Amino acid sequence: MVCSAAPVLLLAMTLPLVGSPVAQASQPGQNQAGGELGQQLDQKSGASAAASASAPVESALASVYVQMDFPDQTWPLALSGTLTLPLASASSSPGTLTGLSLTTECNVDHEGYSHCACLSGYQWNASVCSHHQACQMPHNHRPCGCLVFSPAEAGYCQLLPPAPGTLSPNSWVQTPGSTLNLTLVKNHETTDLDWFLRPPGSPTPILLQPGTHVSLTSSPGQAVLSILNVSHKWAGEYTCCFEAQGFRWELSQVVKVALQATDVTRLPDQLSILSSTCVGFQLTCCIPSTHLTYTASWSPEEGSRDGDTTCPEDSSAVTWNVTKAGHVAHAPCPANRTGLVERTCGPDGAWEPVRSSCTRTELLALHHRAWLLQAGQGWPAAEVSQILAQLSEQVAVVSSPSDLLALLGTISLLAKVVVDTRIQLPHRALEALLKTTDKVLDMDTSSLWAPAQAQEPSAGSDLLLAVEILARSLCPRDHPFSFSLRNVRMQTQLLGPASPADYRASFSTQPPLQAHIPRRSLAPLGHNGTDISITSLVLQKLDHLLPSNYGQGLGSSLYATPGLVLAISIMAGGQAFNQGEVIMDFGGTDSTSHCVFWDHHLFQGKGGWSDEGCRVQSARANSTSQCICRHLTAFSILMSRNTVPENPTLELLSRVGLGASILALLVCLGVYRLVWRVVVQNKVAYLRHTALLNVVLCLLAADTCFLGAPLLPPGPRSPLCLAAAFLCHFLYLATFFWMLAQALMLAHQLLFVFRQLSKGRVLSLMVVLGYMCPMGFAGAALGLYLPRGQYLGEGACWLNGKGGALYAFVGPVLAIVGVNGLVLAMAVLKLLRPSLSEGPQVKKRHALLGVIKALLVLTPIFGLTWGLGLATLLEEVSIIPHYIFTILNTTQGVFILLFGCLMDKKVREALLERFCRTQSPNSTISLATYESHVPEHRGGRSEDARSPVPTPKLFKQKYREN
């Protein structure tokens with residue numbers, strides 16, 4: 001910097017000194033303003049100076065610092081004469097000044113302050129720079145160009161010694177995608193080392209810091225700047241600025257980066273021209289200036305021939321020329337927008353919908369600045385706030401999905417920059433962010449959010465994470481902070497490190513929301529002596545913009561959310577803490593609630609709702625849902641959409657149906673008490689009715705337990721509720737396994753006619769299958785899901801349909817229904833076309849037909865019942881499946897009585913004989929003969945050969961004795 005106004009303060013450097021100076025050397029200290037002040041030189045009488053010599057020799061080199069005042073611009077002429085040094089003492093001899101080198105030029109303002117700048121080859125000492133104010137605020141990284149000195153002091157610039165290092169790149173011309181390495185080889189110890197980049201045409205350099213593309217390494221002998229995946233954005237002059245030998249040094253190198261194909265915009269990418277209407281056209285190629293040589297080429301494709309399918313010219317909104325089928329036509333974006341408009345010509349010659357990536361240029365510029373900050377270019381502390389302020393202005397002009405994605409992407413990039421650099425935001429920057437978020441949440445879903453999420457499914461999740469990060473980065477001096485808009489509400493509080501009190505926050509939302517963090521969760525954070533800042537942020541409408549992803553434990557059901565998300569974060573010592581108990585009241589809800597948080601790591605980073613570490617505690621007095629979580633993040637509640645609301649009609653049907661089922665089962669037991677000895681005269685009948693009797697007993701106990709379960713206190717901590725759920729699970733499973741035992745017995749009788757097992761062995765196998773197998777399934781489900789808290793459903797003493805416990809019941813049931821169906825199909829085919837060698841005897845078929853008839857009716861009914869039970873878990877809105885399931889499930893006992901017991905001909909005849917003793921002898925003889933001639937094969941012999949045939953008289957006598 002050269003100051004031209006008078007007076008001028010000039011410090012000079014002398015070159016060879018002739019004579020024998022006798023004054024002792026007086027070296028300036030680095031703590032002085034800039035050098036020894038000499039005496040004032042009088043231009044009329046000569047000059048006086050303070051000289052210093054290195055040694056008392058006849059001829060030597062000396063450095064002389066002289067302060068001279070000149071009244072006007074004629075000072076160069078005053079230096080043309082020879083100056084004689086004054087005598088320092090009596091023994092001193094005069095010396096001659098033979099040369100001068102100007103080091104510093106100063107301008108004295110009206111207040112007497114000197115504004116001094118160094119001339120070429122000289123520089124301020126680093127100590128002088130640190131103790132003096134710059135002439136003006138620096139616009140670049142060189143704050144020590146001009147310094148201000150008070151009237152009582154003066155300073156001088158010193159001669160620079162040889163550079164303490166060399167700077168060299170691995171290549172002056174970089175290939176796109178390669179890694180640029182700039183290495184500073186140091187000869188001396190360096191401090192305060194910074195790297196800068198001045199892009200071509202930029203007036204100011206840009207600070208480089210570690211980022212996604214920038215890597216900085218330093219060792220005692222060298223420092224290396226690495227730029228990963230370079231592109232034309234990284235071309236320019238690189239400067240390494242550091243302090244060594246008491247000076248501030250700058251070493252620079254220019255690096256060029258070749259362009260790649262994506263850096264050159266081609267508009268249009270393809271152009272269709274009709275030769276009949278166009279006699280010629282002009283091609284223009286425009287390449288950014290990079291001082292490198294490029295070759296541009298154009299390769300026309302094969303044109304359309306007569307008969308080729310083409311799309312006609314269309315000038316509806318954008319002019320689309322005639323385009324060959326299968327090709328994509330391109331058009332430029334409107335003014336103030338950047339991108340491309342595309343339209344495909346379909347194979348049938350019809351235009352497809354227009355696809356546009358046109359984005360407002362201002363939004364793209366902000367997104368680019370944020371990207372550069374994350375990459376490692378710029379000053380994050382200042383630029384993040386600037387970009388947030390500009391986003392709050394640009395959000396009003398967002399009119400396309402591309403605009404929305406650019407805005408959301410910019411916010412996400414700024415959040416990553418804040419995390420990487422650990423900067424803090426002033427309250428004005430945070431207000432700008434919250435205003436932008438409020439307007440973004442108000443944007444139209446169908447025209448903006450839906451198309452944007454089709455391109456970026458995680459757009460809503462990314463917005464939540466970014467706003468949460470930026471909100472907790474408020475400067476401590478700006479606490480407490482409160483902000484409220486329609487869709488965004490925020491409260492912060494700063495707690496002292498010594499025994500922090502409970503934290504409470506309340507928001508007047510719909511439903512009302514309250515948050516509470518107990519003191520015990522905050523106490524461990526105050527041990528390091530730092531303040532604790534707590535931020536509570538409520539975002540409305542955002543939960544509707546998040547993907548419907550549910551983590552393990554929530555199943556695949558569909559849920560509704562209350563329209564708000566609560567994000568709580570704690571900062572202490574510059575670090576975010578995610579552990580700690582938080583209690584939240586989400587107000588009244590009309591259905592079963594689930595306390596959840598948004599886990600950004602689920603579903604390959606797309607995010608999803610999870611209930612891990614959270615539990616719900618409902619207060620029945622005021623119908624509020626209180627959530628208790630062991631960690632801090634973004635919370636909400638899920639209300640099950642398939643939860644059947646309290647329906648008096650459905651409740652009445654359930655109770656009446658269960659009562660009717662229990663009554664029918666009791667009647668069935670009474671019937672068996674009357675006719676048991678009559679209907680079990682052979683092995684097949686005995687095994688069939690034994691299995692049916694166990695079905696009746698299991699179903700009777702299960703229905704009784706299920707009917708009384710609502711009277712027990714619900715919850716996983718209730719042992720009675722847990723026992724009721726386990727018993728219902730076991731008893732209902734046993735009902736189906738006994739039906740399976742019937743089917744397998746039937747299959748054995750039909751397939752192994754001549755290899756029959758004894759009645760005792762078959763009965764033992766049926767008992768094992770009917771009771772031990774369901775006990776194993778019920779016990780496994782209890783042991784597997786109870787420790788996870790996923791065994792019991794919420795608010796009921798029954799299995800949890802979301803955690804997998806219910807599938808330990810539905811799975812075996814549906815499998816048994818399928819096996820029974822296969823056995824029945826095989827049985828019907830066997831009985832319809834029996835072979836001579838393996839088919840049952842004609843009279844034995846009547847006994848087997850009784851089994852088949854019962855299974856043919858009961859298996860579909862039971863299978864349909866629990867199939868609908870599974871459907872109620874998947875049904876979203878309709879209540880019809882719930883009604884059908886309730887009716888069928890609660891009347892199973894009636895079906896067993898009708899189709900399993902009373903439909904049996906022997907049972908009906910035995911009942912008639914029991915209550916109508918005037919039956920004709922023919923009927924009695926027919927019944928007795930029917931019972932006595934069913935053969936039972938055992939080891940090749942018939943049981944008929946070992947027992948006499950009962951006479952009608954004997955049968956009547958035995959029947960009456962019963």
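Where does Asn-336 lie? Asn-336 sits in the loop between β21 (328-331) and β22 (337-338). I'll come back to that residue in a bit.

First, some ground rules. This is a predicted model, where local features need pLDDT of at least 70, side-chain atom pairs count only at pLDDT 80 or more, and totals for chains, interfaces and linings use all residues. Residues are numbered from 1 along each chain as its sequence is written, and side-chain values use heavy atoms, with hydrogens and water left out.

Okay, the overview. The protein chain has 20 helices and 41 strands. Those are DSSP runs, numbered from the N terminus: H or I with at least four residues for helices, E with at least two for strands. Of the chain's 962 residues, 46% count as buried. Buried means under 20% relative accessible area, exposed means over 50%, and partly exposed is in between, using a 1.4 Å probe and protein chains only. Now contacts, meaning heavy atoms within 4.5 Å. Among contacts between residues at least 6 apart in sequence, 70% join residues at least 24 apart.

Let's walk through some helices. Helix α4 (residues 380-394) has 15 residues and reaches 20 Å from its first C-alpha to its last, close to the 21 Å expected at 1.5 Å a residue. The expected span here is 1.5 Å times one less than the number of residues. The buried residues of α4 include Val-384, Ile-387, Leu-388 and Leu-391. What covers the buried residues? The cover includes β25 (359-360), α3 (361-375), α5 (401-421) and α6 (427-441).

Next up is α8 (residues 459-471). Among the buried ones are Ala-459, Leu-463, Val-467 and Leu-470.

How do α6 and α8 pack, and at what angle? The angle is about 160 degrees, with the axes 10 Å apart. The axes are lines fitted to C-alpha atoms, for helices over the stretch in contact, and angles run from 0 to 180 degrees between N-to-C directions. The two helices are therefore roughly antiparallel to each other. For the cut-offs, under 35 degrees is roughly parallel, over 145 roughly antiparallel, 65 to 115 roughly perpendicular, and the rest oblique. α6 passes α8 in a left-handed crossing. Left-handed means the near helix is turned anticlockwise from the far one by less than a right angle, and right-handed means clockwise.

Who makes the contact? From α6 it's Leu-430, Leu-433, Thr-437, Val-440 and Leu-441, and from α8 it's Leu-463, Val-467, Leu-470 and Ala-471. By class, that's eight nonpolar, one polar and no charged. Ala, Val, Leu, Ile, Met, Phe, Trp, Tyr, Cys and Pro count as nonpolar, Asp, Glu, Lys and Arg as charged, and the others, Gly among them, as polar.

Now another pair. Helix α11 (residues 683-708) and helix α17 (residues 892-902) pack at about 165 degrees, with their axes 11 Å apart. That makes α11 roughly antiparallel to α17. Here, too, α11 passes α17 in a left-handed crossing. The contact uses Arg-688, Leu-692, Val-695, Val-696 and Leu-699 of α11, and Gln-892, Gly-893, Ile-896, Gly-900 and Cys-901 of α17. That contact has six nonpolar, three polar and one charged residues.

Thr-890 lies in helix α16 (residues 880-890), and at 3% relative accessibility it counts as buried. Thr-890 and Gly-657 are 233 residues apart in sequence, yet 4.5 Å apart in space, C-alpha to C-alpha. Leaving aside neighbours within four places in sequence, the contacts of Thr-890 are Leu-653, Ser-654, Gly-657, Leu-658 and Ser-661.

Asn-336 has a positive phi of about 65 degrees although it is not a glycine, and at 51% relative accessibility it counts as exposed. Arg-422, in the loop between α5 and α6, has a positive phi too, near 60 degrees. At 63% relative accessibility, Arg-422 counts as exposed. Finally, the peptide bond from His-479 to Pro-480 is cis, with omega near -5 degrees, and Pro-480 is in the loop between α8 and β26 (482-484).
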